[in-house]
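These are my notebook entries on one structure, written down in the order in which I looked things up. I began with the ligand and then went through helices, single residues and backbone angles.

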Amino acid sequence: PSEVQKNQIKGKEIPGIQNIIAVASGKGGVGKSTVTANLAVTLAQMGFKVGVLDADIYGPSIPTMLNTEGSRPLSVTIDGKELMKPVENYGVKMLSIGYFSGANQAVVWRGPMASKALNQMIRDAAWGELDFLLIDLPPGTGDIHLSIIQEVPVTGAVIVSTPQHVALADVKKGIGMFTMESINIPVLGLIENMAYFTPEELPENKYYIFGRQGAQYLAEDLGIPVLGEIPLVQSLRESGDIGRPAALQENSILSNIFQKTAQNMV
Ligand code: ADP
């Protein structure tokens with residue numbers, strides 16, 4: 001990886017994990033988890049070893065989107081240490097805060113408890129060799145985000161946003177969190193989700209229902225690249241709901257878009 005700074009933060013390295021990418025958003029519902037799940041399977045299809053840590057304590061959706069709902073990570077003993085074994089599907093290893101709350105049970109994770117659980121899922125887990133560990137952060141900015149990015153040697157951050165101005169205002173705050181002096185995590189770029197609507201049968205028709213090029217302007221303003229523009233497509237939502245990411249469908253418009261986005265990221 002050229003743009004991705006290697007995982008070299010002193011004293012915090014996680015052996016075997018090359019790049020840790022935080023996927024963040026200014027607010028909820030903009031498609032952060034959808035983008036994370038689809039990028040993960042795309043990177044795996046490109047031949048990378050990929051893991052996902054679902055850190056969205058408010059609504060962990062990676063188990064649903066990657067069809068591992070109801071799984072419980074087993075424990076394995078390696079070198080006398082008991083470790084959590086990530087669940088695997090579609091060539092992607094994953095751990096989610098969602099595996100540790102009962103089915104349909106609303107769990108309110110208090111900050112310190114959530115931070116501890118997330119830290120364990122990163123450090124006390126048998127991830128093995130990974131080229132990329134994607135962390136699906138909770139939406140917004142807050143203590144939990146800060147504790148993750150302070151404790152974990154994140155190599156780069158990717159911000160997902162819709163093109164709306166109200167969303168973009170929050171993106172600035174999100175970027176500010178990573179670029180704070182004491183944190184200093186490079187922001188690899190913006191991914192514009194729901195960039196335009198396309199009816200599946202008329203892919204050349206683009207309707208900019210949330211506004212046009214908002215992310216482009218913001219990215220230029222902040223001096224960071226736009227890594228990809230993901231359209232609003234009904235099948236992308238449906239494929240998430242049934243746990244079979246759209247990007248798995250080879251040579252489809254969506255898988256090509258995710259592939260281009262992933263290439264821009266690595
Ligand atoms: P977040 O992680 O930001 O809260 P999600 O990824 O859970 O957002 O997405 C919110 C909802 O919007 C989900 O139902 C998802 O399937 C849907 N969605 C996200 N991106 C798209 C898109 N580009 N086209 C269609 N539906 C989308």
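**Ligand shell.** The model is a predicted one, in which local features need pLDDT of at least 70 and side-chain atom pairs count only at pLDDT 80 or more, while totals for chains, interfaces and linings use all residues. I number residues from 1 along each chain as its sequence is written.

I then listed the shell itself: 18 residues surround the ligand, and the closest are Gly31, Lys32, Ser33, Thr34 and Arg237, a residue being near a molecule if its C-beta atom, placed from the backbone, lies within 6 Å of it. Two or more residues of this shell come from each of helix H1 (32-45), strand E9 (187-197), strand E10 (226-232) and helix H7 (234-241); helices (H or I, at least four residues) and strands (E, at least two) are DSSP runs, numbered from the N terminus.

**Helix H7.** I looked up which residues of H7 are buried, and they are Leu236, Ser239 and Gly240; buried stands for 20 or more other C-beta atoms within 10 Å of the residue's own, exposed for 12 or fewer, and partly exposed for anything in between, with C-beta atoms placed from the backbone. Seen down the axis of H7, these buried residues fall within an arc of 100°, so they line one face of the helix, the arc being that of the directions from the helix axis to the C-beta atoms. On the face turned away from the buried side I noted the exposed residues Gln234, Arg237, Glu238 and Asp241. The buried residues of H7 pack against H1, helix H2 (62-65) and helix H8 (253-265), where contact requires C-beta atoms, placed from the backbone, within 7 Å. After H7 comes glycine 243, with a positive phi near 75°.

**Helices H3 and H4.** How do the axes of H3 and H4 cross? The axes of helix H3 (residues 111-123) and helix H4 (residues 143-151) come within 10 Å and cross at roughly 30°; axes are lines fitted to C-alpha atoms, for helices over the stretch in contact, and angles run from 0 to 180 degrees between N-to-C directions. I recorded the contact as made by Gly111, Ala114, Ser115, Leu118 and Asn119 of H3 and by Asp143, Ile144, Ser147, Ile148 and Glu151 of H4.

In H4 I found Ile144, His145, Ile148 and Ile149 buried, and they cover an arc of only 120° around the axis, which puts them on the same side of H4. Asp143 and Gln150 are the exposed residues on the face turned away from that buried side. The cover over the buried residues of H4 includes strand E1 (17-25), H3, E7 and helix H5 (165-179).

**Lysine 49 and leucine 130.** I located lysine 49 in the loop between H1 and strand E2 (50-54), and it counts as partly exposed because it has 19 C-beta neighbours inside 10 Å. Leaving aside neighbours within four places in sequence, lysine 49 is in contact with Glu129, Leu130 and Asp131. Leucine 130 belongs to strand E7 (residues 130-136) and counts as buried, with 20 C-beta neighbours inside 10 Å. With the same exclusion, leucine 130 is in contact with Gly16, Ile17, Gln18, Lys49, Val50 and Gly51.

Which phi does aspartate 79 have? The value is positive, about 50°, although aspartate 79 is not a glycine; aspartate 79 lies in the loop between strand E3 (75-78) and strand E4 (81-84) and is exposed, with 5 C-beta neighbours inside 10 Å. Asparagine 184, in the loop between H5 and E9, likewise has a positive phi, near 55°, and its 10 C-beta neighbours inside 10 Å make it exposed.

Definitions and conventions: Contact = placed C-beta atoms within 7 Å.
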